[in-house]
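Let's go through this model together and ask what stands behind the words used for it. Each reply sets a value against its cut-off.

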Amino acid sequence: MDFQEVSPLQAGWLELLERYEWQWFVTLTFREMVHPEAADKLFRVWISKLNRHLYGVKWYKKQDQGVYWVRALELQRRGVIHFHALLADVKNLNHSASRYYWKNQWYQLGGIAHIEEPASVEHCSRYVSKYVAKEGELECSPNLRSYARIADITGR
């Protein structure tokens, strides 16, 4: 990848994000104004429900297990928060979870969801990391470091 056309900060994020095999590219939009802390809580509830679906009620007891993600917060023109996120799991989410079902789960929690398989890791990484360049916020799941591709760890 050519990092010359992006800021050094965005280039660093791109280098990190492209180490992972992302399975879902997600946009979660809220129906109405919501405080950033409440938005964060609703996102984490949605992720927790997804993990319970995949791993059972006690999924959290295995710290390195579960869906890993990177999330960018953005304000829409109307001033309402929405998230762009990249998600993946050791179980391929495209085979183990219904995108339609999880869109409906988000609808019940907060608003409208778009969930799709990423066109390319590079495209989605660029899209999510651009929020850093705009002085936005990017946050990673606590278990992200457990899932680096073997090639990146071993240098092969």
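Q: What makes Arg44 and Glu139 a salt bridge?
A: Their closest N and O atoms are 2.4 Å apart. A salt bridge needs a side-chain nitrogen of Lys or Arg within 4 Å of a carboxyl oxygen of Asp or Glu, so Arg44 and Glu139 qualify. The pair links distant parts of the chain, with Arg44 in helix α2 and Glu139 in strand β5, 95 residues apart. Helices (H or I, at least four residues) and strands (E, at least two) are DSSP runs, numbered from the N terminus.

A quick word on the source: this is a predicted model, where local features need pLDDT of at least 70 and side-chain atom pairs count only at pLDDT 80 or more, while totals for chains, interfaces and linings use all residues. Residues are numbered from 1 along each chain as its sequence is written, and side-chain values use heavy atoms, with hydrogens and water left out.

Q: Why is Arg44 called partly exposed?
A: Its relative accessibility is 33%. Buried means under 20% relative accessible area, exposed means over 50%, and partly exposed lies in between (1.4 Å probe, protein chains only), so Arg44 falls in the middle class. Glu139, at 26%, counts as partly exposed too.

Q: What joins Asp40, Arg44, Arg71 and Glu139 into one network?
A: Salt bridges that share partners do this.

Q: How do you know that Asp40 and Arg71 form a salt bridge?
A: Their side chains meet at 2.9 Å, N to O, which is within the cut-off, so the name applies. Asp40 lies in helix α2 (residues 36-55) and Arg71 in strand β2 (residues 68-75), so the pair ties together parts that are 31 residues apart in sequence.

Q: Is Arg71 buried or exposed?
A: Arg71 has a relative accessible area of 4%, so it is buried. Asp40, at 21%, is partly exposed.

Q: What makes Glu15 and Arg19 a salt bridge?
A: The N to O distance is 3.8 Å, which is within the limit, so this pair counts as well. Glu15 is partly exposed at 44%, and Arg19 is partly exposed at 34%. By this rule the count comes to five salt bridges.

Q: How do you know that β1 and β3 pair?
A: Six bridges join strand β1 (residues 24-30) to strand β3 (residues 81-88). Pairing asks that DSSP finds at least two bridges between two strands, so β1 and β3 pass. These strands run antiparallel, and Thr29 stands opposite His82 in β3.
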